[in-house]
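The exercises below are meant to be worked through with the sequence and the structure side by side. Try each task before reading its solution.

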Amino acid sequence: MTDSTNKSAVDSSRRDFLSKAAVAGTITIAPGVLLHQTAQAGSVSTRPNDEPVSNKNRWGMLIDTSKCANGCTSCVDACNEENGLVGNGRPETDSQYIRKVTLKDKATGHETSLPLMCQHCETAPCADVCPTGASFVRADGIALVDKHICIGCRYCMMACPYKARSFVHEAVENQKLTAPRGKGTVESCTMCVTRVDNGGIPACVEACSAENHNAMIFGDLNDPNSEISISLKERGGKQLRPDLALNTGVRYQGLNE
Amino acid sequence: MTRFLRQVAVLVYALFGLTLLSTSALADSPFPTINEPADENVKCIHPEDEMRRNHMNYILHERDETMHEGIRNEPESLANCIDCHVKPDDKGEIASIESKQHFCSGCHQYASVQIDCFQCHADRPQKYINRDKQTSSLRHNLQQTLANKTGVDQ
């Protein structure tokens, strides 16, 4: 007991020293960088990639529909490019991880455009119904399909209230390194999990910023200082189908009641 | 006694015949060799004999850790195998998994062991795959769909 206490005391003082040294170094060398880092808190993963994911983080996305341009498909294009989604000219069965949806209010004629993808529910119906455990929600809140154990039964597709999942009907070749996908398995938005694990942001969010629309924010919902949490606190953010109480990781702003 | 000698002679001929047969069979399908890493500065992470026997155990273990826990630093990943060992031939052409020339298929076809990894995973390093055509066709489809977009009532 004594030993372990001593050890942790040593560790913590060493960590204190290191963090102070790092802060001092940053301030002395480049104050601008420090400012930049503060603004970026909780916006990307800082977990070393040899450590398992944990529920310390919950990755989510916030979409401001008032900034989402009608007719713009850059998020969809970026997603297709990132995941190597190749169409076979059959829109009924071709995979879609993200799609643009236009909502029209009949009374006023007002149109709202928004991207719709896997909502990364905390209590995900897809994971509930999966008979093999292939559909699961990772500890950091990203809903995934483990295609190694997916048997292609498609119960998850029926269970998903957002129609977010696709089934791969045809043999696939020339897949992307970071996006394995193959015939006979179900797939959906992975929140670009490989990018996130390597400290990046999803391709759709990146593309939206590149277009200067900035309608999508990615970040850690568990970090009160992250851009996404601050915006949610200030302006709120709706879940789609809140009646289902799924605690989705993707939230929307600018939707009318 | 003569009968016994005759039997022995037949046996010797039979054995000799078998040896000839097996030698010619070997000549037809030579024992596959392993491609050296494409980059000369990169060293193999394990000895060849170890990898011939146990590569499947290494990558199966990593598979679950990577998929479920997001651990992505392990050197024995399928992506690393492919990235190092799959390289173009002298003519600059790169074999797909269907071909016996592919790093994995060479042994797997020889040993008659079916390999499922590449139904989902990339069988070639990304730098050798030209994707422009495929994604542009998908973009075209999408733009057509959007052109015929139907409004959804809120």
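This is a predicted model, and of the 154 residues of chain B in it, 14% count as buried.

**Exercise 1.** Describe the secondary structure of chain B in the order of its sequence.

*Solution.* Begin by counting the elements: chain B has five helices and one strand. Then read along the sequence, where the pattern is α-α-α-α-α-β. To finish, look at the contacts in chain B with a separation of 6 or more, of which 50% are between residues 24 or more positions apart.

**Exercise 2.** Work out the strand order of the open sheet in chain A, and explain why β8 and β9 each have one side without a neighbour in the sheet.

*Solution.* The order of the three strands is β8-β1-β9, with mixed pairing. Because β8 (216–220) and β9 (250–253) of chain A stand at the edges, each has a single partner strand, and one side of each is left without a neighbour in the sheet. From one strand to the next, the twist averages 20°. Looking at one pair in detail, β1 (residues 59–64) of chain A and β8(A) run antiparallel and are joined by five bridges, and here Ile63(A) stands opposite Met216(A) in β8(A).

**Exercise 3.** Find residues that touch the most other members of the largest nonpolar core.

*Solution.* This core has 49 residues, and those touching the most other members include Met61(A), Ile63(A), Met216(A) and Ile98(A). Its largest share, five residues, comes from α7(A). Taking Ile98(A) as an example, its contacts beyond four places in sequence include Cys75(A), Cys79(A), Leu116(A) and Cys204(A).

Definitions and conventions
Residues are numbered from 1 along each chain as its sequence is written. Chains are lettered from A and ligands numbered from 1 in the order in which they are written. This is a predicted model: local features need pLDDT of at least 70, side-chain atom pairs count only at pLDDT 80 or more; totals for chains, interfaces and linings use all residues. Helices (H or I, at least four residues) and strands (E, at least two) are DSSP runs, numbered from the N terminus. A residue is buried if 20 or more other C-beta atoms lie within 10 Å of its own, exposed if 12 or fewer, and partly exposed in between; C-beta atoms are placed from the backbone. Two residues are in contact if their C-beta atoms, placed from the backbone, lie within 7 Å. Two strands pair if DSSP finds at least two bridges between them. Axes are lines fitted to C-alpha atoms, for helices over the stretch in contact, and angles run from 0 to 180 degrees between N-to-C directions. A nonpolar core is a set of buried Ala, Val, Leu, Ile, Met, Phe, Trp, Tyr and Cys residues joined through C-beta atoms within 7 Å.
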